[in-house]
Amino acid sequence: MARPEKDAAVAQLADKFREANAVLLTEYRGLSVADLKDLRRSLAGNAEYTVAKNTLASIAARRVGLDAIVDDLKGPTALTFVTGEPVEAAKALRDFAKDNKHLILKGGVMDGNALSADEVDKLASLESREVLLAKAAGAMKASLSKAAYLFAAPASQAVRTVDALREKQETAA
C-alpha cells in the first residue's frame, strides 16, 4: 500500500474506533469466505466485522487512546466495531464461535476499558437491555404494590374493627 493509502486507512479505522461503543477482537483463521459472510450477516445492524492489517489497526487504536488492545492485535485478527448494543454483538460472536470452532474470541475494549476473552464471554451471558429494564420495572411495580397494600392496611383494619363493634352492639341489643 502506498503511504497516502495507508494514512487514509488509518484515519478510517480511527474514526471507526471513535464511533464504536465497543470493539471486540476475534481470530478468524480457518474460516471460509462463506462463514465470514454468515458472521457479518448475523452482526448486521448492530456491528461491523472488519479485517484490517494489524499494524494499521494498532496505529489507529493508539491515535484514539485505545492502547489496551494493541497487544491483542497479533495474528489473523478481525475487529468487530459495535455501534449498537455490545451485549447483542458479543452474543452473536459467541453463538457463531460455538458453531464454528475456528472463530476465537480474543478480547476487546468497551468504554475505554480492556476486556479479556472471559470478560467478553461474560458480557455475552448478560441478558439484553430490554429484558433487564423489564425486570427492573417489574421489581418497582411489585414494590409499589406492596407499599400500596401497607398504606391501605390500617384503614381496612379500622373498617373491620368498626364493623365487628357494630355487629356486637346489634346482637347485644
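Predicted model: local features only at pLDDT ≥ 70, side-chain atom pairs only at ≥ 80, totals over all residues.
Student: In what order do the strands of the open sheet lie?
Tutor: Strands (E, at least two residues) and helices (H or I, at least four) are DSSP runs, numbered from the N terminus. Two strands pair if DSSP finds at least two bridges between them. The edge strands β2 (47-51) and β5 (113-116) each pair on one side only. The sheet has 5 strands with antiparallel pairing, in the order β2-β3-β1-β4-β5.

Student: How many bridges join β1 to β4?
Tutor: Strand β1 covers residues 22-27 and strand β4 residues 104-110, and the two run antiparallel. The number of bridges joining β1 to β4 is 6.

Student: Which residue of β5 is the bridge partner of Val-109?
Tutor: β4 and β5 pair in the antiparallel sense over 4 bridges. Gly-107 stands opposite Ser-116 in β5. The bridge partner of Val-109 in β5 is Ala-114.

Student: Which residue in the hairpin of β4 and β5 takes a positive phi?
Tutor: This hairpin has 2 residues between the strands. The positive phi is near 55 degrees, and the residue that takes it is Asp-111.

Student: Is Gly-112 buried or exposed?
Tutor: Gly-112 lies in the loop between β4 and β5. Buried means under 20% relative accessible area, exposed over 50%, and partly exposed in between (1.4 Å probe, protein chains only). Gly-112 has a relative accessible area of 53%, so Gly-112 is exposed.

Student: How many residues of β4 are buried?
Tutor: Strand β4 is mostly covered. Of its 7 residues, the number buried is 5.

Student: At what angle do α1 and α3 pack, and what is that orientation called?
Tutor: Axes are lines fitted to C-alpha atoms, for helices over the stretch in contact, and angles run from 0 to 180 degrees between N-to-C directions. Angles under 35 degrees count as roughly parallel, over 145 as roughly antiparallel, 65 to 115 as roughly perpendicular and the rest as oblique. The axes of α1 and α3 (residues 54-63) are 8 Å apart, at an angle of about 50 degrees. The two helices are therefore oblique.

Student: Which strands does helix α1 lie across?
Tutor: Helix α1 covers residues 3-19 and runs at about 50 degrees to β3 (77-82). The strands that α1 lies across are β1, β2 and β3.

Student: Which residues does Ser-58 touch, not counting residues up to four places away in sequence?
Tutor: Ser-58 lies in helix α3 and is buried, with a relative accessible area of 9%. Contact means heavy atoms within 4.5 Å. With residues up to four places away in sequence not counted, Ser-58 touches Val-70 and Leu-73.

Notes:
Residues numbered from 1 in each chain as written. Heavy atoms only, no water.
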